[in-house]
Amino acid sequence: MPIRRLPPETVNRIAAGEVVERPASAIKELVENALDAGSTRIEIQADGGGLSRILIADDGHGMAPDQLALCVERHATSKLEPDDAGDVDLLRIHTLGFRGEALPSIGSVARLTITSRPREGGDAHQITVEGGDQKPVAPAGFPGPHGARVEVRDLFYATPARLKFMKSERSEAMAISEEIKRQAMAHEDVAFTLDLDGKTVLRLPAEHPGDHGRLKRLAALLGRDFEANALLIDQERDGVRLTGYAGLPTYSRGNAAHQYLFVNGRPVKDRLLQGALRGAYADFLARDRHPAAVLFLDIDPLYVDVNVHPAKAEVRFRDPALVRGLIVGALRHALAAAGHRASTTVAADALSGFRAHEGVTAPGVGSGAWGVGSGGGNASGYSGWQAWAAPATQTAQILPGLNDRSARVETFDTPHTLHPTPYTPGAPHTPHPTPDPLDFPLGAARAQLHGTYIVAQTRDGLVVVDQHAAHERLVYERMKSQMAEGAVTRQALLAPEVVELDPAEADRVAARAEELAELGLIVEAFGGGAVLVRETPALLGDTDVQGLIRDIADDLAEHGAALSLKERMAEVCGTMACHGSVRAGRVLSAPEMNALLRQMEATPHSGQCNHGRPTYVELKLGDLEKLFGRR
């Protein structure tokens, strides 16, 4: 068959299929144009899931009439400037857009109208493109002193087949809202307004640039709980800076929907970044739990390629190991600095479990025993003192077990407690004079309930500790420290095991031989498409070497790190810590309980167990007073 040149209209529609996948992607391109134009206020309107009408209005620098005619031509852009030799450097891109494809692509499949007034002054003008048919530029009215208004009607009317692949209007509207949220996160100094079908769903004022303003913007988008449980991230390494906020492990989610990653202000979905995030939380969350995080990576454009995806949703780093190491190191530093802190949602969940009980009557006892009714009460009809004034035998019949001590309460007549030393069940302890135990973060132990929970009193509330989960974490952290201080103990295989892999997978595993050796796994290349395993970590015991190497190869391909081996070793350490920790049901003395509290305060990450569940719940006095109607 002969080779033919495709008509320009067909070329534009093919390009539109890559750039404008759905209404949300069209809005993304238009909002990025507004941001590149220096806008401080962007208004977005969408009707019918964005298929009927889209309007983007901004207060950017605007366009002159001759620029309007150029902006709807393919590969015409103001984002790239040639050098003296006429060459354009695609490796130093400082703007969000740069290809010059969005507007002509949208105009080829919809009815596009652009109205603009330049900042330099002059009248406003308008250009219209319908299904690729460009109308001449004409004068038009414009409500503001400068900026642009881009209106898109009947999206994909020129390509009816694409309409069949659209989801429901509700789904498309949700995608639009999510896209605007991502853009608003990256530009806290820009005001955003989003109207869907005439209803305002987002109204975000401009915030002051910086960490404080960014956190206010994130709180408006992700909720106050994220603001209360977010850790500030700010680390720099070799010219690459990572900032943002990451949630405490106990503020984890059931999916990765609350993970937002930005590179030079551009929202991206990158497997390397997601893998680094997962690796940083590997010691603190179960595999089915996901951290909440909003991370911003600032890097010299020369070291990141953004021209690898039609929608610019993916990037490629020149030194991915540097980027991954920075993310993992910064997150782990922040988590360690959080100490034993647990999320505020833990207390809220605990309080929601309390229920007030009214009018409870013991079996066989009339309401008169409680003094509720018509006789002899006070003005409110309540004379509950009668029950407590009754003889002990009668009270025991009303509430069986009331006279039995349900918990062993420890009192402190003098302000002293234990010196915070490593906790060993059953070991003798010698008290040392210290400040009042109520001033410690986790307070002073007052009781043990059901042989499992330690109740401690703080200066402004109480703390309930799961003794087994808490001590399990302490043992686990101690084991991790011991592993970090020296080489991991290895065991040699009686016969080295050959693992057959895809040649590319084998090369990846062999290239990480030094990193794997630090974890106790000795591997080496064994011809094409195979690796030889000589030693494995003694901690794993009799392990499935073939399965382990294949899992590592998969992790290296997907995340760039051997997470499988680290997770397996962490799982074994967790199991050993579980068996080596104080069990639920073990009766503890007051010194033992206080020693456990003091070591929790001195141990990082002790606020959650090895699976991300909280080890303690703190209830403030004000919360308790609310439960009983005191405030």
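**Close-up views of helix packing and a cavity**

**View 1. Helix H2 against helix H4.** In this predicted model, the axes of helix H2 (residues 23–36) and helix H4 (residues 102–109) come within 10 Å and cross at roughly 140 degrees. Helices (H or I, at least four residues) and strands (E, at least two) are DSSP runs numbered from the N terminus, while axes are lines fitted to C-alpha atoms, for helices over the stretch in contact, with angles running from 0 to 180 degrees between N-to-C directions. H2 and H4 are therefore oblique to each other, given that angles under 35 degrees count as roughly parallel, over 145 as roughly antiparallel, 65 to 115 as roughly perpendicular and the rest as oblique. The crossing of H2 past H4 is left-handed, a term for a near helix turned anticlockwise from the far one by less than a right angle, with right-handed used if the turn is clockwise. On the H2 side, Ala 26, Glu 29, Leu 30 and Asn 33 meet Ala 102, Leu 103 and Ile 106 of H4, where contact means heavy atoms within 4.5 Å. The residues of this contact comprise five nonpolar, one polar and one charged; Ala, Val, Leu, Ile, Met, Phe, Trp, Tyr, Cys and Pro count as nonpolar, Asp, Glu, Lys and Arg as charged, and the others, Gly among them, as polar.

**View 2. Helix H2 against helix H6.** H2 also packs with helix H6 (residues 169–186), at an angle of about 25 degrees and with the axes 9 Å apart. That angle makes H2 roughly parallel to H6, and their crossing is right-handed. From H2, Pro 23, Ala 24, Ile 27, Lys 28, Val 31, Glu 32 and Leu 35 take part, meeting Glu 172, Ala 175, Ile 176, Glu 179, Ile 180 and Gln 183 in H6. By class, the contact of H2 with H6 has eight nonpolar, one polar and four charged residues.

**View 3. Helix H9 against helix H10.** Helix H9 (residues 271–280) and helix H10 (residues 320–337) pack at about 35 degrees, their axes lying 9 Å apart, and H9 passes H10 in a right-handed crossing. Among the residues making this contact are Leu 273 and Gly 275 of H9 and Ile 327 and Arg 332 of H10. The contact of H9 with H10 has 11 nonpolar, two polar and two charged residues.

**View 4. Lining of the second largest cavity.** The second largest cavity is lined by Leu 242, Leu 261, Phe 262, Leu 273, Leu 295, Phe 296, Leu 297 and Ile 327. Strand E14 (293–298) and strand E12 (259–263) each supply at least two lining residues, and E14 gives the most, with three. The lining has eight nonpolar, no polar and no charged residues.

**Notes.** Residues are numbered from 1 along each chain as its sequence is written, and side-chain values use heavy atoms, with hydrogens and water left out. In this predicted model, local features need pLDDT of at least 70 and side-chain atom pairs count only at pLDDT 80 or more, whereas totals for chains, interfaces and linings use all residues.

Terms used
On a 1 Å grid over the protein atoms alone, a cavity is a set of points where a 1.4 Å probe fits but cannot get out, and a pocket is an open set with protein on both sides within 12 Å along at least five of seven lines; lining residues have an atom within 4 Å of a point.
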